Amino acid sequence: MQNISGIRPGKRMGFAWGPGDILVYETQNKASGRRSCAFIHVVRKDEDIYSPILRKLFNESHHIFVGLQTIKDDLPSKSKKPQFVSISRNYRSVIRACMEELQQAAVSANDTDMATQYGNQVSILLAIELIWNLCEVLFIDAAPAGSLLLHLLDWVRLHKSDVDEKAKGVLQSDSPAEHRDYWDVVCVLSYVLQGRLEDTRKMLMKQAMLQPAAKSMYKLMDSLLSKMPFYNPGGTQTLTEFDVKWRNWHEEVDRYLKDNSFASNQHLEVICKILLGDEDVLLEHKELLSTWYYFLITRLLYCHPTVKPTELHYYAQSSMMMFLDSGVPEPLDSILLAAFEFDIHQVIKDCSIALNNWWFVAHLTDLLDHCKLLQSHNLHFGSNLREFLLLEYASGLFTHHSLWQCAVDYFDHCPEFGRVYLELQIERVPLDTERKALKVLRICEERQMSEQVRSICKIMAMRAVRNNRLGSALSWSIRAKDAAFATLISERFLQDYCAKGTFSDLDLIDNLGSTMLLSDRLTFLGKYREFHKLYGEKCFSDAAKLLLSLMTAKIAPQSFWMTLLTDALPLLEQKEVIFSAEQTYELMYCLEELTSSLITAASGSVIIYCRFHEDVEVTKVEMLRLALARNLASAIVKEGTMQT
Amino acid sequence: MESAKYVSQKVSKARWRPVSSSFLQQPEIFATGSWDNEENKISIWSVGNYENSGLEDGFEGDPQLICENKHDGDVLGLQFLDQERIVTASSTGAVTIFRHHHNSQTISVSQQWVKAHHYPCDNAPCTAVVCSSPEIITVGEDGRIIVLRADQDCMAQVIENADSSTIHAVTYLRTTEILTVNSIGQIKLWDLRQQSNSASQILSLSGDRVPLYCIDRHPNQQHIVATGGQDGMLCMWDVRQGSMPSSLMEAHSAEMWEVHFHPTNPDHLFTCSEDGSLLHWETSSHSDMPSFLQGNRNSSVTSRSAMALAGGNQSLISAWLNGDSSKSRLETTHMLPSQTLSVNSLDVLGQCLVCGTDGEAIFINKQVPV
């Protein structure tokens with residue numbers, strides 16, 4: 001529970017859920033009528049995605065995730081195991097790198113609050129890596145009896161590294177054998193408890209040199225330590241042979257203990273008892289073991305080195321009960337216990353509850369799913385566990401202003417619901433610049449989300465039109481193949497032309513090229529501009545032909561015909577006959593069609609480009625009729641004249 | 001091989017600080033700009049531990065952050081004005097000059113034109129900036145071209161409504177001429193001395209008008225220009241001849257964001273794209289001449305002498321204009337180890353290449369084969 005800074009204590013709050021945040025505000029107290037605070041607060045549940053160091057974790061793991069998905073499915077799972085193990089190690093090294101950076105940041109932080117926050121994040125990452133490593137050993141690597149214990153030993157040694165530091169301190173002192181940590185280091189901590197017997201022997205050598213009287217005892221211990229058998233997975237010895245050898249060794253050590261060979265030296269006796277796996281002695285050194293799972297491994301090492309995976313849970317439960325006095329396990333303890341019991345679903349469930357962020361469970365579940373370790377455990381709403389977790393994780397990422405791009409790849413690899421989620425989320429990405437819109441568009445186009453493409457292009461095109469950037473607007477409508485919008489833009493151009501008498505943005509209209517074909521209005525615009533160009537270049541007959549075709553082929557909207565006919569006037573008035581008789585007839589027909597439709601069109605249902613008063617129009621029509629008649633006469637004469 | 005450095009911000013621009021050519025040094029300092037963050041930054045990094053010369057080829061120590069400063073808006077353009085000053089183009093429409101103080105290793109804002117690019121009632125992003133000290137030229141989504149001078153607050157020249165669509169990139173053709181590319185697939189040539197509002201020349205591809213996003217000029221042969229656009233095609237243009245590109249090469253499967261000729265070895269070209277790849281293009285002129293006779297790999301020497309000898313001889317046209325044809329050989333290599341999110345920017349100087357991606361990573365390669 002936390003107080004929300006900014007809301008006065010004791011006040012009533014209202015709230016609304018967002019995709020990853022909550023909006024919280026003070027509500028007005030009706031009774032007292034006092035005004036409440038006018039602020040709205042955004043409460044973020046997941047702070048981690050905003051931490052700059054943890055962000056690296058999200059990006060690097062995204063890279064690994066995408067690489068994992070592309071592993072081909074045709075090979076049998078067995079041959080892919082080394083690949084999966086190496087991917088698991090990649091994930092873990094990313095976690096470790098992050099942890100180290102956080103550790104450095106915690107040390108160098110000036111602010112104690114920040115230092116504590118970093119420290120918390122480090123301990124969470126430590127726990128995550130511990131759990132992941134155990135899952136890798138038990139589930140992914142899935143070692144059989146014999147190798148299993150060796151892997152578990154490695155797991156312990158990796159995570160209990162304070163041992164080496166203490167050893168360094170002892171070895172660097174003048175007389176290591178008399179250092180007060182000596183027996184701790186040698187006797188119980190790491191070396192013996194972790195099964196590092198070579199190191200134990202070296203340390204004992206130092207002590208042996210100080211006590212020449214007890215030389216034989218040390219020699220005996222040394223030989224016992226050197227003879228302890230360790231299973232060699234790559235060797236020719238079978239598990240049963242190893243078991244027999246180990247039992248023989250165990251009996252030998254037992255004999256020497258019962259013989260009181262080490263009775264005179266308390267420390268060596270303790271070592272001997274540990275070698276025999278005496279649980280009481282082990283429990284006496286709880287602080288050195290520090291946790292029940294290290295106790296478990298040590299116990300297995302010295303009691304039952306050929307433990308089978310299926311037997312682990314029994315030992316795990318009993319170790320935990322023996323080790324923990326209070327009996328109430330922490331979340332981490334129950335997660336690890338579930339792992340030892342090979343209950344993958346319980347591990348995932350507990351981790352989901354304990355952590356505030358879906359990162360860990362999503363990636364681990366995905367990897368386990370690729371190893372085909374998760375039963376297809378259909379959840380009530382249809383998708384499987386892996387997909388559910390990935391969707392949750394990716395949805396959380398999508399709320400981040402920057403990491404949404406990573407989230408897209410996660411949605412891609414959720415076959416059932418990923419696409420739907422992506423479609424809904426991608427439309428809500430704010431588009432501040434064209435560059436961002438282009439990236440979002442590329443994402444949509446690659447996935448054939450045509451609805452979203454159209455809506456994004458329309459948003460950008462409308463914005464461009466509002467800012468009078470007609471060229472940009474046109475390029476957006478071309479991208480969306482939006483004919484309706486292209487028509488809108490062309491009409492804007494034509495309106496501008498009627499208002500000003502010249503075209504704006506000639507660089508655009510002159511160079512339309514094949515995009516002209518997108519919409520009829522656009523084609524008309526292009527052709528009309530071409531007419532003006534031809535006229536400017538004095539290619540009158542070509543211009544005349546073009547002008548006529550614009551009307552007869554119905555490319556020009558009828559509302560624009562008046563303008564076109566007015567443009568024809570100067571051509572009609574030329575000394576040279578430009579329009580042939582045939583063409584003149586067609587022009588007259590168009591004029592008649594236009595005037596009759598203008599008479600019948602009662603209300604302004606047709607968009608009228610040029611505002612003109614009745615009398616101006618009547619004059620124009622009169623002038624046109626006169627010019628057409630004169631041209632017709634000249635044309636008939638010209639065509640009827642024989643060339644001599 | 002390249003090493004990735006994750007920097008917790010999406011990198012939109014990366015540029016090497018220029019090195020004085022007399023020392024033939026490899027560049028050590030580069031600047032990056034971020035985008036799409038709540039708080040964007042411009043950062044300066046240093047690479048290069050010469051003590052670790054025994055490491056494997058290409059791999060160097062991680063770049064170290066020297067200093068950084070807050071930047072208002074996305075960094076859409078970044079260029080070093082000189083050894084100490086950096087110009088940036090922002091999505092808020094502002095153009096800013098930052099000064100890197102070497103003594104205290106800090107950056108601070110030295111000069112700013114806040115609303116250089118704008119619409120009548122809104123901000124317009126400034127999309128690109130190019131400079132040749134003390135002149136700075138910027139272009140933006142508002143279709144304006146602005147010429148500024150460092151240390152002078154007023155704008156030296158503004159070409160209003162230079163383009164009806166967004167201008168995406170600009171580059172110098174000659175000291176007083178610039179080339180711009182826009183959303184309707186046109187390259188426009190502007191002569192700044194003429195103070196006119198229309199372009200001197202317009203070049204475009206016939207057919208589909210694909211928006212162009214980047215342009216770069218050949219360092220020695222000033223009529224050769226390369227562009228890249230939305231369809232990921234690399235186009236080579238000869239500005240003197242005609243209005244059509246001389247060759248088209250399929251490069252990427254998505255938008256090409258930047259294209260750069262190598263400044264000293266122009267037979268090499270680099271492009272980066274939204275599809276997450278960075279390509280290194282290498283052309284060889286005179287493919288029928290055995291390589292051991294070509295001697296000095298510095299091809300700029302070869303082409304200059306060739307031009308001097310040939311006069312108007314057609315067969316010695318730069319290999320770039322021939323593209324991928326029988327007359328010249330064109331080799332392409334991917335420079336990044338695996339597919340990443342979009343590579344937004346790259347810069348190459350000497351043997352060093354730096355690029356920034358949307359996966360919040362910077363890649364550096366210090367042994368580019370040029």
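**Where chain A meets chain B**

Author: Let's start with one pair: Arg442(A) and Glu255(B) join their side chains in a salt bridge, at 2.9 Å from N to O. Please keep in mind that this is a predicted model. Between chain A and chain B the count of salt bridges is 6, and 30 residue pairs are in polar contact, both residues being at pLDDT 80 or more.

On the side of chain A that touches chain B, the elements giving two or more residues are helices H1 (52-69), H20 (404-412), H22 (434-446), H24 (470-479) and H26 (506-510) of chain A. The most comes from H1(A), which gives 8 residues. Sorted by kind, the residues on this side of chain A are 9 nonpolar, 15 polar and 15 charged.

Now for the contact as a whole. Chain A brings 39 residues to the contact and chain B brings 48. Together the two chains bury about 3800 Å² between them, with 44% of that area on carbon and sulfur atoms. Three residues, Arg435(A), Lys439(A) and Arg469(A), supply 19% of the area that chain A buries against chain B, which is more than any other three residues.

If you'd like to look along chain B as well, strands S22 (residues 233-238) and S23 (residues 245-250) run antiparallel and are joined by 5 bridges. Within that pairing, Met236(B) has Ser247(B) as its bridge partner. S22(B) and S23(B) form a hairpin with 6 residues between them, and Gly242(B) in the turn has a positive phi of about 65°.

Note on methods: Residues are numbered from 1 along each chain as its sequence is written. Chains are lettered from A and ligands numbered from 1 in the order in which they are written. This is a predicted model: local features need pLDDT of at least 70, side-chain atom pairs count only at pLDDT 80 or more; totals for chains, interfaces and linings use all residues. Side-chain values use heavy atoms; hydrogens and water are left out. Two strands pair if DSSP finds at least two bridges between them. Helices (H or I, at least four residues) and strands (E, at least two) are DSSP runs, numbered from the N terminus. Contact means heavy atoms within 4.5 Å. Buried area is the accessible area (1.4 Å probe) that two parts lose on being put together, summed over both. A salt bridge is a side-chain nitrogen of Lys or Arg within 4 Å of a carboxyl oxygen of Asp or Glu. A polar contact is a pair of N or O atoms within 3.5 Å; within protein, one must be able to donate a hydrogen and the other to accept it, and residues adjacent in sequence count only if both atoms are side-chain atoms. Ala, Val, Leu, Ile, Met, Phe, Trp, Tyr, Cys and Pro count as nonpolar, Asp, Glu, Lys and Arg as charged, and the others, Gly among them, as polar.
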